[in-house]
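Okay, thanks for making time, everyone. I'd like to walk you through one chain today, so let's get it up on the screen.

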Amino acid sequence: MARKPRPAKPRVIVTRRLPPNVEARMAELFDASFNVADIAMSRDELAAAMQQCDVLVPTINDTIDAALIAQAGDRLQLIASFGSGVDHVDLAAARGKGIIVTNTPGVLTEDTADMTMALILSVPRRLAEGEKLVRAGEWRGWSPSGMLGHRIGGKRLGIIGMGRIGRAVARRARAFGLSIAYHNRHRLPFEVEQELEAEWHADLDGLLAGSDILSIHCPLNADSRGLIDARRIALLRPDAYLINTSRAEITDEQALITALQEGRIAGAGFDVYTHEPAVDPRLLTLSNVALLPHMGSATFEGRDATGARVIANIRTWVDGHRPPNQVLEGWV
């Protein structure tokens, strides 16, 4: 496919509001259009945007599927996604139309790991439940049997997906006295396992059965969708906890809610939901669940760094080079 000319000042459409300094820099460098209302674009609005721009800057909430890509105008050459995940973009369709896709890996690793560790501490120790008790004016003072939870130190943390975030969580967890076991498509190098004091489990079922706390960090793709299904949820012990700050679709949310309701697992912490921003109302009634509004990466520093990475990808593309974070079809 012949390479199209790249404009010196491309028309860039951004689908959501970004940090002010990021938008200001984009306005200096590009012919940029921003979503001032910060309301998610409809499918028709996305289609119109893709007809009018050289570069689209979507977020993980914008589904850029094959049908939308097929309707895209000839001038659209780059989808510079604001975020590390790319499961919202049909990579094969983009490649077929000669559209480059980029993401922003690595910049949110520490922020997401911090939030995951907060949930790992919060759920077994019932911190969210205790905070609600105080705010509701229902706390009656200290008692030997009041608000009992589980000690963190000495427990076994099972990590599914030992990429950047999984490894960052493991480093934090070791400092709290947790032992680390993990399941990954590929075993980590010996030196990394030694550094993290992490034990590889080739068998995912075995990891689930032996974990006191399970934390999910694999990307969402065809292999991981529904990975933690009803059968695998049943392998968790009744005193085990599940933490998910990755993608909700990796778990069977309905089966997980049923297990929580029936006490077949001790509790869970979620930062992601299958139909977000809608949250299954049954989750709201469960005291053994900590619920966060998809805020694992929500730091000023992280958003600024993500914006800077998007700008770098666009500028490199304008200069005629391969963007540093170009995503290849089949990326996981």
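Let's begin with the annotation. In an unreviewed entry, UniProt lists residues 22-327 as "domain: D-isomer specific 2-hydroxyacid dehydrogenase catalytic". Keep in mind that what you're looking at is a predicted model. Across residues 22-327, the end C-alpha atoms sit 22 Å apart, and the span is 39% helix and 13% strand. The unreviewed entry in UniProt also gives residues 117-296 as "domain: D-isomer specific 2-hydroxyacid dehydrogenase NAD-binding". For residues 117-296 the end C-alpha atoms are 10 Å apart, with 34% helix and 16% strand.

Now, the inside. Which residues have the most contacts within the largest nonpolar core? That core has 28 residues, and the ones to look for are Ile 160, Ile 228, Leu 242, Leu 260, Phe 270 and Leu 283. As for elements, helix 9 (204-210), strand 9 (213-216), helix 11 (253-261) and strand 11 (267-270) each give two or more residues to this core. Helix 11 gives the most, with 5 residues.

Leaving out neighbours within four places in sequence, Leu 242 is in contact with Leu 214, Ile 216, Ile 228, Leu 236, Leu 256, Gly 267, Ala 268, Gly 269 and Phe 270. There's a second, separate core too, this one of 25 residues, including Leu 157, Met 162, Ala 170 and Ile 180.

Next, a helix pair. Helix 5 (residues 109-125) and helix 7 (residues 164-175) pack with their axes 9 Å apart, at an angle of about 50°. So helix 5 and helix 7 are oblique to each other, and their crossing is right-handed. On the helix 5 side, the residues making the contact include Thr 109, Ala 113, Met 117 and Ile 120. Helix 7 brings in, among others, Arg 164, Ile 165, Ala 168 and Arg 172.

Last stop, His 201, in the loop between strand 8 (198-200) and helix 9. Is His 201 buried or exposed? Its relative accessibility is 17%, so His 201 counts as buried, the cut-off being under 20%. Setting aside neighbours within four places in sequence, His 201 is in contact with Arg 156, Ala 181, Tyr 182, His 183, Gly 206 and Leu 207. And how far is His 201 from His 321? They are 120 residues apart along the chain, and their C-alpha atoms are separated by 40 Å.

How values were computed
Residues are numbered from 1 along each chain as its sequence is written. This is a predicted model: local features need pLDDT of at least 70, side-chain atom pairs count only at pLDDT 80 or more; totals for chains, interfaces and linings use all residues. Side-chain values use heavy atoms; hydrogens and water are left out. UniProt positions are given in the numbering used here, feature names are shortened, and annotations may be inferred rather than shown by experiment. Helices (H or I, at least four residues) and strands (E, at least two) are DSSP runs, numbered from the N terminus. A nonpolar core is a set of buried Ala, Val, Leu, Ile, Met, Phe, Trp, Tyr and Cys residues joined through side-chain atoms within 4.5 Å. Buried means under 20% relative accessible area, exposed over 50%, partly exposed in between (1.4 Å probe, protein chains only). Contact means heavy atoms within 4.5 Å. Axes are lines fitted to C-alpha atoms, for helices over the stretch in contact, and angles run from 0 to 180 degrees between N-to-C directions. Angles under 35 degrees count as roughly parallel, over 145 as roughly antiparallel, 65 to 115 as roughly perpendicular and the rest as oblique. A crossing is left-handed if the near helix is turned anticlockwise from the far one by less than a right angle, and right-handed if clockwise.
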